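Subject: Structure handover

Hello,

Here is the structure I promised, with notes on what turned up. Please open it alongside this email.

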Amino acid sequence: MNDELFFQEMAEAGYLLLEPLHPASPGGTRLLIALRQTPTERHYDPERIDLSRADADGCAGRVRLTLAALTSGNWPLCPGPVVLRDRFDKRVYFFSYGGALEIYTNAGMAVCVLTSPAPIVEMANEPDNVAEQLASETEALLARMHANWGRDDQGYQQRLVEIDPLELYAATIIHLLESYKQNSALRHSFHRFYGMLLNEQDWLQGLERPHISSIPLDVLLAPAGSDPASSSS
């Protein structure tokens, strides 16, 4: 797809989450976000985006994207929250397991295209929303893994950039599923979420790529030279 088609897709939208991996997937694999000089006032109009990415010098971390500060290009997208804000500071939340960020600019408008082989999850603030629960539980897990790195924030972020997003997603699904299998209260209280985890496990197994789900999450995100078995996970 060329950049002209991106602008055509976003002509009547502030953002679009597209192309789920399968019909029951908790997210899409392509998130398009439009930043405009003048709000349309016909839909949600993002004014800035907060996300994690790696820069050209290899440094990874949180950045804020605004139309005034954008340049066309592409960067690795780090796992973590993606937050859209409009001029009233109304926020729309997503979670990404990593991928790529491409930015296209033209005539007072920019389209930021986030793509990933793993679901990009929209965190809709609704009761019993399995996508939001997945994002929230993933964030909590990653925060625990981050703690094992001590003060080496850059090393942790760099490790996140290096991991295949689908591998990180699979390890997260399996880690959460094991926790729910061991706790009947969780399965009873969050049966829809547990069902989603089972469905995602079946889908991952159907890919016939066993290496994708072969490494446990605590091993995948362990600091170099550490013993994951000695840390709480």
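An angle between axes of 65 to 115 degrees counts as roughly perpendicular. Keep that cut-off in mind for the helix pairs below. One caution first: this is a predicted model.

**Helix α2 and helix α4**

Helix α2 covers residues 130-147, and helix α4 covers residues 165-181. Their axes come within 11 Å and cross at roughly 95 degrees. That angle falls between 65 and 115 degrees, so α2 and α4 are roughly perpendicular to each other.

On the α2 side, the contact is made by Gln-133, Leu-134, Glu-137, Thr-138, Leu-141, Leu-142 and Met-145. They meet Leu-168, Tyr-169, Thr-172, Ile-173, His-175, Leu-176 and Tyr-180 in α4. By class, this contact has nine nonpolar, four polar and one charged residues.

**More on α4**

Is α4 enclosed or open? Of its 17 residues, 13 are buried, so α4 is largely enclosed by the rest of the structure. Its length also checks out. At 1.5 Å a residue, α4 should span 24 Å, and its end C-alpha atoms are 24 Å apart. At the start of the helix, a side-chain oxygen of Asp-164 comes to within 2.9 Å of the backbone nitrogen of Leu-166.

**Helix α2 and helix α6**

Helix α6 spans residues 191-206. The axes of α2 and α6 come within 10 Å and cross at roughly 75 degrees. These two helices are therefore roughly perpendicular to each other as well.

Val-130, Gln-133, Leu-134 and Glu-137 in α2 meet Arg-192, Phe-193 and Met-196 in α6. The residues of this contact divide into four nonpolar, one polar and two charged.

**Leu-134**

Look closely at Leu-134 in helix α2. Its relative accessibility is 0%, so Leu-134 counts as buried. What does Leu-134 touch, not counting residues up to four places away in sequence? The list is Pro-26, Tyr-97, Val-121, Tyr-169, Ile-173, Leu-176, Phe-193 and Met-196. Among these, Tyr-169, Ile-173 and Leu-176 belong to α4, while Phe-193 and Met-196 belong to α6. Leu-134 and Pro-119 are 15 residues apart in sequence, and their C-alpha atoms lie 11 Å apart.

**Helix α3**

In helix α3 (residues 153-162), the buried residues are Gly-155, Tyr-156, Gln-157 and Leu-160. They pack against β4 (60-66) and α2.

**Thr-29**

Thr-29 sits in strand β2, residues 28-36. It has a relative accessible area of 12%, which makes Thr-29 buried. Its side chain reaches the backbone oxygen of Glu-19 at 2.7 Å. Leaving aside neighbours within four places in sequence, Thr-29 is in contact with residues including Leu-18, Glu-19, Pro-20 and Leu-21. Leu-114, Thr-115, Ser-116, Ala-118 and Ile-120 are also among its contacts.

**Two loop residues with positive phi**

Glu-41 is in the loop between β2 and β3 (48-54). Its phi is near 60 degrees, a positive value in a residue other than glycine. Glu-41 counts as exposed, at 63% relative accessibility.

Glu-208 is in the loop between α6 and α7 (217-220). Its phi is also positive, at about 55 degrees, although Glu-208 is not a glycine. At 69% relative accessibility, Glu-208 counts as exposed.

Best wishes

Definitions and conventions:
Residues are numbered from 1 along each chain as its sequence is written. This is a predicted model: local features need pLDDT of at least 70, side-chain atom pairs count only at pLDDT 80 or more; totals for chains, interfaces and linings use all residues. Side-chain values use heavy atoms; hydrogens and water are left out. Axes are lines fitted to C-alpha atoms, for helices over the stretch in contact, and angles run from 0 to 180 degrees between N-to-C directions. Helices (H or I, at least four residues) and strands (E, at least two) are DSSP runs, numbered from the N terminus. Angles under 35 degrees count as roughly parallel, over 145 as roughly antiparallel, 65 to 115 as roughly perpendicular and the rest as oblique. Contact means heavy atoms within 4.5 Å. Ala, Val, Leu, Ile, Met, Phe, Trp, Tyr, Cys and Pro count as nonpolar, Asp, Glu, Lys and Arg as charged, and the others, Gly among them, as polar. Buried means under 20% relative accessible area, exposed over 50%, partly exposed in between (1.4 Å probe, protein chains only). The expected span of a helix is 1.5 Å times one less than its number of residues. A polar contact is a pair of N or O atoms within 3.5 Å; within protein, one must be able to donate a hydrogen and the other to accept it, and residues adjacent in sequence count only if both atoms are side-chain atoms.
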